[in-house]
Amino acid sequence: VLPRALGDELVLAVAGTAADSDRVTLGLEGGELVLRVLDAGGDHPASAFREAGELRYPLAQGARSPGLPLETWSHLLVDVRGNRPDQMTLLVNGLVHGVRALGSTRLTSGLSADAGSLTVE
């Protein structure tokens, strides 16, 4: 890809012809590269819960800032096997560093053998 501006833009959209296939989009959204997978079964109409998985990678805001640089060719690798964070992969120039998986819970410290609770982000 060759991002040219910080505006929202769709890079890739994939959906199968069967009603039970996931829908995958990759695009620039709100200053980030977003890989989004919508569940094939869809959302329950009586619930506000949205069945989707996302991976996000920031766009560089300047020449020296981290993230996907503007006006520079970058290689993206996308692997989607479902809409859970552990079923999705986004590599930017061969690296996963900087890619955030939404919906994952992470420990804030190591876990001891006698711990009675978990402290998470």
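User: Why does Asn93 count as partly exposed?

Analyst: Before the answer, note that this is a predicted model, in which local features need pLDDT of at least 70 and side-chain atom pairs count only at pLDDT 80 or more, while totals for chains, interfaces and linings use all residues. Residues are numbered from 1 along each chain as its sequence is written, and side-chain values use heavy atoms, with hydrogens and water left out. Buried means under 20% relative accessible area, exposed means over 50%, and partly exposed is in between, with a 1.4 Å probe and protein chains only. Asn93 has a relative accessibility of 44%, so Asn93 counts as partly exposed.

User: What is said about the phi of Asn93, and where is Asn93 found?

Analyst: Asn93 has a positive phi of about 55°, although Asn93 is not a glycine. Most residues other than glycine have a negative phi. Asn93 is found in the loop between strand 6 (88-92) and strand 7 (100-101), where strands are DSSP runs of E with at least two residues, numbered from the N terminus. Glu71 also has a positive phi, near 60°, and its place is in the loop between strand 4 (52-58) and strand 5 (76-80).

User: Why is Arg56 called buried?

Analyst: The relative accessibility of Arg56 is 13%, which is under the 20% limit, so Arg56 counts as buried. Glu32 is buried as well, because its relative accessible area is 13%.

User: Which residues are linked with them in a network of salt bridges?

Analyst: The network links Glu29, Glu32, Arg36, Glu54, Arg56 and Arg100. Within it, the side chains of Arg36 and Glu29 meet at 2.8 Å, N to O. Arg36 is buried, because its relative accessible area is 14%, whereas Glu29, at 29%, is partly exposed.

User: Why is Asp86 called exposed?

Analyst: Asp86 has a relative accessible area of 59%, which is over 50%, so Asp86 is exposed. Its side chain meets that of Arg84 in a salt bridge of 3.0 Å, N to O, and Arg84 is partly exposed, with a relative accessible area of 44%.

Key: Helix = DSSP H or I, 4+ residues; strand = E, 2+ residues; numbered from the N terminus. Salt bridge = Lys/Arg side-chain N within 4 Å of Asp/Glu carboxyl O.
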